[in-house]
Each structure stands twice: as structure tokens, then as C-alpha cells.
Amino acid sequence: MANPWPVKGILPRKSLEECARKIITSRFQELMSFKEGAFDGLDIEFGGAAQGDQALAKITQFAQTTPFQIDDVTKAFIGLKSAGIEPTVKMLQTFADTASI
């Protein structure tokens, strides 16, 4: 059987698929780990699961309407709250507008 990859230096398809699967699995595990920690952090900082869910809804809405990633917005929300500042979407939008200048 002829080698389907006669060009030297190119990985076989199976190796590429394995590599992609490992990268995707690793990234998924990182994401799930972050999500669990973020949910716990929101629940703790905002005083309970219901309040944490409300904060997550605000974070999700903000992240969908800006170029910011949800994990970065979540970290900012938790950081502000832990510093004693009540974070709002309006406050984050002000920060976002300032950062874009």
C-alpha cells in the first residue's frame, strides 16, 4: 500500500486527529474546572446560589454584547465584589468603553 502522506514533515491524519482530540479534551477540562470554581465564587461572594445565578445572568448578558470573554467578566465581577464594590453591568460597560479608547 502506498504512503498516503508522501510529503516529509506532514503528520499522518490519525496523529492529527489524536492531537486535536487531546487539545479539545484538555481545553474542555480547563473550562469545566473554571466554571465550577466561578459558580462557587459567585455563590460565595453574592451570598448564595440564587444571588450567584442572578450575577451569572448579568455576566452572560454583558459578555454576549461585548468582545470580552465570559471567564474574564466573571473574574472581574468576583474581584470587584470581593473588594467591597457592588459590580453592575453599567459599571463594567464603563470599564469596557474606557478600555476601548
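The crossing of H3 and H4 is right-handed, a term used when the near helix is turned clockwise from the far one by less than a right angle. This is a predicted model, where local features need pLDDT of at least 70, side-chain atom pairs count only at pLDDT 80 or more, and totals for chains, interfaces and linings use all residues. Residues are numbered from 1 along each chain as its sequence is written, and side-chain values use heavy atoms, with hydrogens and water left out.

Helices H3 and H4 pack at an angle of about 115 degrees, with their axes 12 Å apart. Axes are lines fitted to C-alpha atoms over the stretch in contact, and angles run from 0 to 180 degrees between N-to-C directions. Contact means heavy atoms within 4.5 Å. Here are the residues that meet:

| Helix | Residues in the contact |
|---|---|
| H3 (residues 70–82) | Val73, Ala76, Phe77, Leu80 |
| H4 (residues 89–99) | Met91, Leu92, Phe95 |

Now to H2, residues 49–64: its 16 residues reach 22 Å from first C-alpha to last, close to the 22 Å expected at 1.5 Å a residue. Its buried residues (under 20% relative accessible area, 1.4 Å probe, protein chains only) are Gly52, Ala55, Ile59, Phe62 and Ala63. Seen down the axis of H2, they fall within an arc of 95 degrees, so they line one face of the helix. On the other side of H2, Asp53, Gln54, Gln61 and Gln64 are exposed, that is, over 50%.

For the whole chain, there are four helices and zero strands, assigned as DSSP runs (H or I, at least four residues, for helices; E, at least two, for strands). Of its 101 residues, 19% count as buried.

Terms used
Expected span 1.5 Å × (residues − 1). Arc of directions from axis to C-beta.
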